[in-house]
Amino acid sequence: NLLWRDGMLRSRRGQEYLSNSIMGTAYAAYPKLWHGYAFAHIGTAIYCFNVLGSSHTPQILCSAVPLVRGTFFLFGDQLYYKTRGLYKVFTATETASGWTFTAATVLGYTPVIQINSDPHDGTGDLYQPENRLTAKKEVWYNAVANWKDYYLPVKADYIYAVYVDGVQLLSGWSYDPYVGKVIFQTAPPVTNPPTNNSVHIIYSLSNTQAQLSIDQCRFAEVFGGTGELCVVMAGTVLQPNAYYWSGNSSVKMDATYFPIEQVQLASSTEERITGFGKQQNNLIIFKENSVGKTTLGTQELNDRIFIDLPYTPINASIGCDLPWSIQLVENNLVFANRRGGVHIILDTTAALENNIVCISTKINPAFGEGGINFGDEDAVCSADDGTHYYLRCGSRVYAWNYEISSAGSPSWFPLSNIPAIAFMVHGTELYHMDASGRITQFCEAFNDYGLALQRKYRFPMMNFNSYDCLKNVNSVLITLGAFQVEDTELTYITDY
């Protein structure tokens, strides 16, 4: 429980609860504050906490959340949460009394899959790919004089809506599912001169495998080369090595639109994707036993340009099986795995054999007492506050101070009694949530929740640069600077 602070070895900061209500099993939290609030998945609900305000009472935003840890991410001016079986979006509104938040289920953009369609047979020009998030699709027709039967490209399950010249028809039509056509009581009019795409039909045709591919994802990252153009997702059990990315709708880059063609396999199907990270202009794709990357590209489909994210391997022998250990530290990604400990990506060029190196040799399990004890992957979490990389696993938190030490010879500080399941960073301030959903802030105190904070320092063995047998140690003077009343215990070992 000691850190190098203000030019000296000092006690880490103490802890106090901001919200100490036990609310259920905690799963995930947004790693930053959004408008001064913390957002967390606790039990079967998602809550927000006013961390910077005077009242920290939790507010429930939505319920019926699956008991699986997922990912919060910010896209545009909205916050999203993705876990298996759930995709939520949160909208913030500023009022005179502060910020208010509303939650909604992401229903998915309805793509216009075909335009200039012929009502006689349903053929036309392909336009937008189908959306993996929804079974809904839209087809635009060129009206034909005195023609009432409008055939769909396929036999649909259900007709959601019919529009003629921009006006929705609530009646005056019927659907024949056996032949797949919409029958108008009165033929849609043809303007003079004729106007293309005046009849719009929105229908549903389920594609269970496609919908489950996104529904079952729980890892997400916002990416787009030098911008933030799309949302990339992975973690589905149906295709564990696949990643999917969102595309552009008719008006914007849309986090609710996952074109069915926008999918890539990251090598072997036996090895699952466990998370993402951004380094320079690359999206790093972590798998259990290997690491790859993708960069932003484009492809042409139906005379339209779409985002392309091809996969390139980086390292085939080192991977990440602890998804929540991934952090960007001074423009280099740091992550951990159970087999080798904590690693850093120094370079993303596959030709360099040392592009991924271990930085936790001093604290790995092979070094006995004080070594890392990795547990369940969802019980491991991490944070970066601008000076330290924190990794919580087992009963300890390990802090790498990268201000005073490099990746070549890192200084690790073991910390105890920090029961974090997720960290939150705001500026230089660090907060965490425990397994019961309680929010804690670090404060300038020498106690944890009002109880004593135990600190321990072990001096390295000293031989004064000479043979041990040629000198006698006559006396030892130890100076301890105490900031308040403390109980101190001194243990020493000698060969006398």
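Start at the second largest cavity, which holds about 40 Å³ of space. The model is a predicted one, so read what follows as a tour of that prediction.

**Stop 1: the second largest cavity**

Select Ala143, Asp165, Pro189, Val190, Thr191, Pro194, Thr195 and Ser198; these residues line the second largest cavity. Colour the selection by class and the lining of this cavity splits into 4 nonpolar, 3 polar and 1 charged.

**Stop 2: the largest cavity**

How many cavities of 30 Å³ or more are there? The count is 2. Move to the largest cavity, with about 40 Å³ of space. To show its lining, select Glu130, Asn131, Thr134, Ala135, Lys137, Leu205, Asn207, Ala210, Gln211 and Ile260. By class, the lining of the largest cavity comprises 4 nonpolar, 4 polar and 2 charged residues.

**Stop 3: Ser204**

Keep Ala135 in view, as one of the residues lining the largest cavity, and select Ser204, which has Ala135 among its contacts. Ser204 belongs to strand 20, which covers residues 199-204. Is Ser204 buried or exposed? Ser204 has 9% relative accessibility and therefore counts as buried, the cut-off for buried being under 20%.

Now display what Ser204 touches, leaving aside residues up to four places away in sequence: Ala135, Lys136, Ala156, Asp157, Tyr158 and Tyr160.

**Last view**

Key
Residues are numbered from 1 along each chain as its sequence is written. This is a predicted model: local features need pLDDT of at least 70, side-chain atom pairs count only at pLDDT 80 or more; totals for chains, interfaces and linings use all residues. Side-chain values use heavy atoms; hydrogens and water are left out. On a 1 Å grid over the protein atoms alone, a cavity is a set of points where a 1.4 Å probe fits but cannot get out, and a pocket is an open set with protein on both sides within 12 Å along at least five of seven lines; lining residues have an atom within 4 Å of a point. Grid points are joined across faces, edges and corners, and a volume is the space filled by probe spheres set on the points. Ala, Val, Leu, Ile, Met, Phe, Trp, Tyr, Cys and Pro count as nonpolar, Asp, Glu, Lys and Arg as charged, and the others, Gly among them, as polar. Helices (H or I, at least four residues) and strands (E, at least two) are DSSP runs, numbered from the N terminus. Buried means under 20% relative accessible area, exposed over 50%, partly exposed in between (1.4 Å probe, protein chains only). Contact means heavy atoms within 4.5 Å.
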